[in-house]
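Here are my notes on this model, point by point. Please read them with the structure open.

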Amino acid sequence: MSTINVNAIDKESGSTLTLGTSGTTVDIPSGATLDVTGATVSGLSTWENTPNFLVSTSADQSWSSTYSKFAFTTVTSESDSGSWDTTNYKFTVPSGKGGLYLFNVNFFVQSGNNYYVKTIINGSTEGKFVSSAGNVPGNTKFSPVWIHELSAGDTIEFQKYSAGSWTNAGATAYGVRLHT
């Protein structure tokens, strides 16, 4: 093995700098840093499980005896731009990205309120989470998880229902395609 010790390598004017040829492994040893700050990086996935999203409500959520959508209007993270619809509050599976997905909704419940949360896929109820909050302290956080097999173009949304009317301190949700 040969070693070249230099401070910088630059391309020749008008050319591309290429490291190795097809089949060559370029190794970055443990402890080294690959700094791409300010660079445009393509062809590199920083997270195997894509697409994914993390969304939240921008206001308290009202619960009542009619099913209504969680109004997730704030996108914190989204691997495939535009897959979370902030107007209709639903996720659309991008083209070519079907598979097994995990979804989670985090929300707070006031003491003494029964509640129901469900997933709606392509307009039909697919998964429900039912609980009675009668014996829990006020403002208790719940975090149900669903796993669904979805195809490209499928949509999923999250709805809430309660026998009583009350308001909680907002909610968050995430979804991720599982790398299987």
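1. A salt bridge here is a side-chain nitrogen of Lys or Arg within 4 Å of a carboxyl oxygen of Asp or Glu. By this rule the count comes to two. Asp80 pairs with Lys97, and the closest N and O atoms are 2.7 Å apart. The partners are 17 residues apart: Asp80 sits in the loop between β4 (72–78) and β5 (84–85), Lys97 in the loop between β6 (90–92) and β7 (99–109). Asp80 is buried at a relative accessible area of 15%. Lys97 is partly exposed at 22%. The cut-offs are under 20% relative accessible area for buried, over 50% for exposed, and partly exposed in between (1.4 Å probe, protein chains only).

2. A word on the basis. This is a predicted model, in which local features need pLDDT of at least 70, side-chain atom pairs count only at pLDDT 80 or more, and totals for chains, interfaces and linings use all residues. Residues are numbered from 1 along each chain as its sequence is written, and side-chain values use heavy atoms, with hydrogens and water left out.

3. The second bridge joins Glu157 and Lys69, with the closest N and O atoms 3.7 Å apart. It links distant parts of the chain, 88 residues apart: Glu157 is in strand β12 and Lys69 in strand β3 (residues 68–69). Glu157 counts as buried, because its relative accessible area is 10%. Lys69 is partly exposed at 28%. In general, side chains of opposite charge can pair when their charged atoms come close.

4. What is the overall make-up? The protein chain has zero helices and 14 strands. Helices (H or I, at least four residues) and strands (E, at least two) are DSSP runs, numbered from the N terminus. Of the 180 residues, 33% count as buried. Contact means heavy atoms within 4.5 Å. Among contacts between residues at least 6 apart in sequence, 72% join residues at least 24 apart. The chain exposes about 11100 Å², and carbon and sulfur atoms supply 47% of that area. Accessible areas come from the Shrake-Rupley method with a 1.4 Å probe; for residues, only the protein chains shown count as cover.

5. Strand β12 deserves a look. Ser162 is found in this strand, which spans residues 155–162. Ser162 is buried, with a relative accessible area of 0%. Which residues does Ser162 contact, leaving aside its neighbours within four places in sequence? They are Trp63, Ser64, Ser65, Asn113, Asn114 and Tyr115.

6. Aromatic pairs number 22. Rings of Phe, Tyr and Trp (its six-membered ring) pair if their centres lie within 6.5 Å; planes under 30 degrees apart count as stacked, over 60 as edge-to-face and the rest as tilted. The centres of Trp146 and Phe158 are 6.0 Å apart and their planes stand at 35°, so this pair is tilted. Trp146 belongs to strand β11 (residues 145–150) and Phe158 to strand β12, so the pair ties together parts 12 residues apart in sequence. Trp146 is buried at 7%. Phe158 is buried at 1%.

7. Check two lysines against rings. A charge sits over a ring if NZ of Lys or CZ of Arg is within 6 Å of the ring centre and within 35 degrees of the ring normal. The charged end of Lys118 sits over the ring of Tyr67, 3.8 Å from the centre. That of Lys160 sits over the ring of Phe70, 5.6 Å from the centre.

8. Two backbone angles need a second look. Most residues other than glycine have a negative phi, and most peptide bonds are trans. Tyr89 has a positive phi, near 55°. This residue lies in the loop between β5 and β6 and is partly exposed at 23%. Asn122 also has a positive phi, near 50°. Asn122 lies in the loop between β8 (114–121) and β9 (124–132) and is partly exposed at 44%.

9. Phe108 and Asn168 are 60 residues apart in sequence, yet 5.9 Å apart in space, C-alpha to C-alpha. Phe108 is in strand β7 and is partly exposed at 28% relative accessibility.
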